[in-house]
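Me: I would like a close look at one part of this model, followed by an account of what else is described in the chain. The structure is below.

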Amino acid sequence: MLVSPPAVGPDRVLERLMALHPKAIDLSLDRMWSLLERLGNPQNALPPVVHVAGTNGKGSTLATMRALLEAGGLRVHAYTSPHLVRFNERIVLSGLRITDRALSALLEEVEACNAGQPITFFEVTTAAAFLAFSRVPADIVLLETGLGGRLDATNVVEKPSATVLTSISLDHQAYLGDTVAAIAAEKAGIMRAGVPCISMKQKADVLSVLESSASAIGAPILLQDRDFSGVLHDQSLVYTGLDGSVHTLPAPVLPGGYQVHNTTLALAVIEHLSMVPSDAWGRGLPRVVWPARLQNLGQGPLSGLLPKGWDLWLDGGHNPDAGLNLGDHICAQWQDRPLDLVVGMIDTKDEDGFLAPLARVASRIRTVPVQGSLAGHSPEYLAQVARGLGVEDAVACADVPSALADLAATVGDSPRRVLICGSLYLAGDVLARNGGC
């Protein structure tokens with residue numbers, strides 16, 4: 001047990017913590033440093049840390065690293081966000097999700113130490129994760145940023161073993177800047193002097209910013225397709241490593257051509273760490289699990305609303321690059337049957353940018369609210385956007401079950417594929433309704 005038994009369950013404590021700051025997001029490290037000091041600076045007592053930032057692919061890359069490390073017999077702590085169904089998903093202690101009992105105790109301890117001072121929900125829960133990671137033995141910590149990098153609450157580890165940058169593109173412009181160069185500068189803020197930064201292949205304007213930031217502090221960059229690479233060949237992933245060696249490995253189990261890039265990046269990080277022998281990599285790759293990333297929902301209450309032989313898929317992508325990646329996958333892999341979309345988005349996202357590549361490949365679109373989100377686009381507005389992008393059969397629905405029932409009722413018996421997408425919050429609601437996560 002981490003600390004004394006909790007007085008209440010984690011949901012009650014989490015609800016209280018959400019009221020400690022008037023803003024959900026307020027990028028600054030001052031409050032975080034102050035709270036960590038009062039907690040005894042647990043971030044300085046962690047196992048080796050791998051710090052991950054980027055726009056798309058952070059979770060998939062981290063999940064792949066975790067599978068590879070655990071295949072090598074290592075104990076792994078992991079911190080990710082947001083959660084899909086339950087907050088406990090965010091904190092993995094030595095390979096297992098944190099229990100309600102341990103989470104409640106940690107949150108109450110951090111809450112008492114904070115003593116009612118203004119602090120954001122993400123900051124105070126990140127502090128709780130650091131406290132847990134400092135107390136439970138493990139071999140490594142995989143640490144995902146919440147938003148950006150430079151001022152993110154996770155950016156308090158003085159000397160990580162590596163920093164990792166996944167694909168960088170436009171998202172969260174209200175907080176990170178209106179250009180991809182400005183966003184890249186924020187992501188580059190996790191770099192540390194003398195610590196290798198292992199990066200996915202980036203667009204030219206992004207790479208220019210990253211190289212300038214790295215040069216300024218003396219952080220070496222290891223870049224995909226320059227220092228390491230990975231390609232699919234005959235249903236295998238051929239990885240050329242940092243040392244020039246070539247490894248033929250199982251193809252990524254997560255669908256989507258972009259997962260080749262995420263997997264290649266994860267392999268380069270694992271190779272750099274030198275903690276897992278290469279003969280364990282092939283055992284780890286088939287074990288990767290990351291929900292709501294082109295996930296086939298299979299059996300469940302929602303799947304049961306569709307006719308026999310139909311496929312139901314779920315993806316949490318919500319920005320223009322995610323839309324492009326999904327569109328590419330659909331064109332390459334999903335031409336065997338017609339595709340329908342169920343879409344819900346929050347109003348801080350670029351709905352036109354996300355939907356445009358999908359509108360070119362979708363037969364019908366049903367739009368739904370993002371349940372529990374005050375920032376959700378109305379289904380009527382999203383349907384209007386879809387029609388403006390050329391999808392004539394775009395209809396607003398009350399919720400996901402209504403959308404699936406409507407799609408099922410208005411065509412013949414030929415099998416179809418349905419993809420629910422547009423928001424991680426929507427994905428969480430779908431998984432909860434379908435009995436997952």
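How many nonpolar, polar and charged residues does the lining of the second largest pocket have, by class?

Reply: The model is a predicted one. By class, 14 nonpolar, 2 polar and 7 charged residues make up the lining of the second largest pocket. The lining counts 23 residues, and the pocket has a volume of about 410 Å³. Nearest the centre of the second largest pocket lie Arg66, Val92, Val289, Trp290 and Pro291. Helix α3, residues 58-71, and strand β2, residues 76-79, each supply at least two residues of the lining. The largest share comes from α3, with 5 residues.

In the loop between β2 and β3 (91-93) lies Pro82. The peptide bond from Ser81 to Pro82 is cis, and its omega is near -10 degrees.

Asn41 is placed in the loop between α2 and β1 (49-53).

Helix α2 itself, residues 30-38, packs with helix α5, residues 121-135, at an angle of about 35 degrees, and their axes are 10 Å apart. The crossing of α2 past α5 is right-handed. On the α2 side the contact is formed by Arg31, Met32, Leu35 and Leu36, which meet Glu123, Val124, Thr126, Ala127 and Phe130 of α5. By class, the residues of this contact divide into 6 nonpolar, 1 polar and 2 charged.

Another helix pair is α1 (residues 10-17) with α4 (residues 100-114), packed at an angle of about 30 degrees with axes 9 Å apart. Since angles under 35 degrees count as roughly parallel, this makes α1 roughly parallel to α4. The helix α1 passes α4 in a left-handed crossing. From α1, the residues in contact are Pro10, Val13, Leu14, Arg16 and Leu17; from α4, they are Asp100, Leu103, Ser104, Leu107, Glu108 and Glu111. The contact of α1 with α4 has 6 nonpolar, 1 polar and 4 charged residues.

The remaining pair to describe here is α7 with α8. The axes of α7 (residues 180-187) and α8 (residues 204-217) come within 9 Å and cross at roughly 35 degrees. The crossing of α7 past α8 is right-handed. In α7, Val180, Ala181, Ala184 and Ala185 meet Asp205, Val206, Val209 and Leu210 in α8. The residues of this contact divide into 7 nonpolar, no polar and 1 charged.

Terms used
Residues are numbered from 1 along each chain as its sequence is written. This is a predicted model: local features need pLDDT of at least 70, side-chain atom pairs count only at pLDDT 80 or more; totals for chains, interfaces and linings use all residues. Side-chain values use heavy atoms; hydrogens and water are left out. Axes are lines fitted to C-alpha atoms, for helices over the stretch in contact, and angles run from 0 to 180 degrees between N-to-C directions. Helices (H or I, at least four residues) and strands (E, at least two) are DSSP runs, numbered from the N terminus. Angles under 35 degrees count as roughly parallel, over 145 as roughly antiparallel, 65 to 115 as roughly perpendicular and the rest as oblique. A crossing is left-handed if the near helix is turned anticlockwise from the far one by less than a right angle, and right-handed if clockwise. Contact means heavy atoms within 4.5 Å. Ala, Val, Leu, Ile, Met, Phe, Trp, Tyr, Cys and Pro count as nonpolar, Asp, Glu, Lys and Arg as charged, and the others, Gly among them, as polar. On a 1 Å grid over the protein atoms alone, a cavity is a set of points where a 1.4 Å probe fits but cannot get out, and a pocket is an open set with protein on both sides within 12 Å along at least five of seven lines; lining residues have an atom within 4 Å of a point. Grid points are joined across faces, edges and corners, and a volume is the space filled by probe spheres set on the points.
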